[in-house]
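Hi,

Here is the structure I promised to pass on.

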Amino acid sequence: MVQDPQDARYGEMPQNALDTAGADHLVSIDAMAPLLSALARDHVEGGVPPGGKRGMGSGCPPGAPSPFACPDCGGVLWQPPAGEPLRFECRTGHGFASDSLARVQEERAEEALWAAIRSLEETAAMARRLERRAHEGGSRRTGQRFGERAREHEARAAMLRRLVGAPPPTLPAPGSEPRASPARAARRNGVRRAARG
Ligand SMILES: [Zn+2]
């Protein structure tokens, strides 16, 4: 819920909120309190839909805290007392049956692995680029250092790819990447030598 920027004394504040997060309700300041209480009433009267959310701020879920975090908000998930059907809920009101929690956890784990693979491959690609630059600029040792770093990241990424059962990445064709022209490389060397001497 966001105050209508037209209605606000400093319109850019609600406008920023609106631009950043969007809003389900755009209302004047006068309409805010009645709308809030109406929404709260709906939540309580509506109860909890299966697999849905309880009303906000409705206290601790029944049972005891579990070792699991809510995949939606990161809060502690509570599990019901022994003997009741296994269902997890956080304080915010996100609820999961045990099999749907397991499924979401698997999806998140896979997403995290892919994010790690992407990050490692990008880091390796950058190191390869710096390695090439260094060699072109005549800095052999710097080039070797970047080459080692690239190999490390490539090896880790390859290991994770095997773990998720994914094929190796498709590499760009040799020479498809823009390289510095010999003239530009020479100019760079000239500058570097001048700066050093
Ligand atoms: Zn939650």
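Trp78 has Glu89 in β5 as its bridge partner. This is a predicted model, so bear in mind that local features need pLDDT of at least 70 and side-chain atom pairs count only at pLDDT 80 or more, while totals for chains, interfaces and linings use all residues. Residues are numbered from 1 along each chain as its sequence is written.

That pair belongs to β4 (residues 76–79) and β5 (residues 87–90), two antiparallel strands joined by two bridges. Strands here are DSSP runs of E with at least two residues, helices are runs of H or I with at least four, and both are numbered from the N terminus. Two strands count as paired if DSSP finds at least two bridges between them. Leu77 stands opposite Cys90 of β5.

Now for the rest of the sheet. It is open and has four strands, in the order β3-β4-β5-β6, with antiparallel pairing. β3 (64–69) and β6 (95–97) are at the edges with a single partner strand each, so one side of each has no neighbour in the sheet. On average, neighbouring strands are turned by 35° against each other, direction ignored. Axes are lines fitted to C-alpha atoms, for helices over the stretch in contact, and angles run from 0 to 180 degrees between N-to-C directions. As background, strands of a sheet pair through backbone hydrogen bonds, either parallel or antiparallel.

Going to the β3 side, three bridges join β3 to β4, and the two run antiparallel. Ala69 has Val76 in β4 as its bridge partner. The hairpin of β3 and β4 has six residues between the strands, and Gly74 takes a positive phi near 85° there. Pro67 is also found in β3. Pro67 has 7 other C-beta atoms within 10 Å, so it counts as exposed. For the cut-offs: a residue is buried with 20 or more other C-beta atoms within 10 Å of its own, exposed with 12 or fewer, and partly exposed in between, with C-beta atoms placed from the backbone. Pro67 and Trp78 are eleven residues apart along the chain, and their C-alpha atoms are separated by 8.5 Å.

Phe88 stands opposite Phe96 in β6. These strands form a hairpin with four residues between them, and Gly93 in the turn has a positive phi of about 115°. Which way do Arg87, Phe88, Glu89 and Cys90 point from β5? Arg87 and Glu89 point one way, Phe88 and Cys90 the other, and all are buried. In a regular strand the side chains alternate between the two faces of the sheet.

Ala97 lies in β6. With 14 C-beta neighbours inside 10 Å, Ala97 counts as partly exposed. Ala97 and Leu86 are eleven residues apart in sequence, and 6.6 Å lies between their C-alpha atoms.

Then the helices. α3 (residues 98–136) lies across β3, β5 and β6, and runs at about 100° to β6. The axes of α3 and α4 (residues 140–163) come within 8 Å and cross at roughly 160°. The two helices are therefore roughly antiparallel (angles under 35 degrees count as roughly parallel, over 145 as roughly antiparallel, 65 to 115 as roughly perpendicular and the rest as oblique).

Finally, the whole chain. How many helices and strands does the chain have? There are five helices and six strands, and from the N terminus on the elements run β-α-β-α-β-β-β-β-α-α-α. Buried residues make up 13% of the 197 residues in the chain.

Cheers

Note on methods: Two residues are in contact if their C-beta atoms, placed from the backbone, lie within 7 Å.
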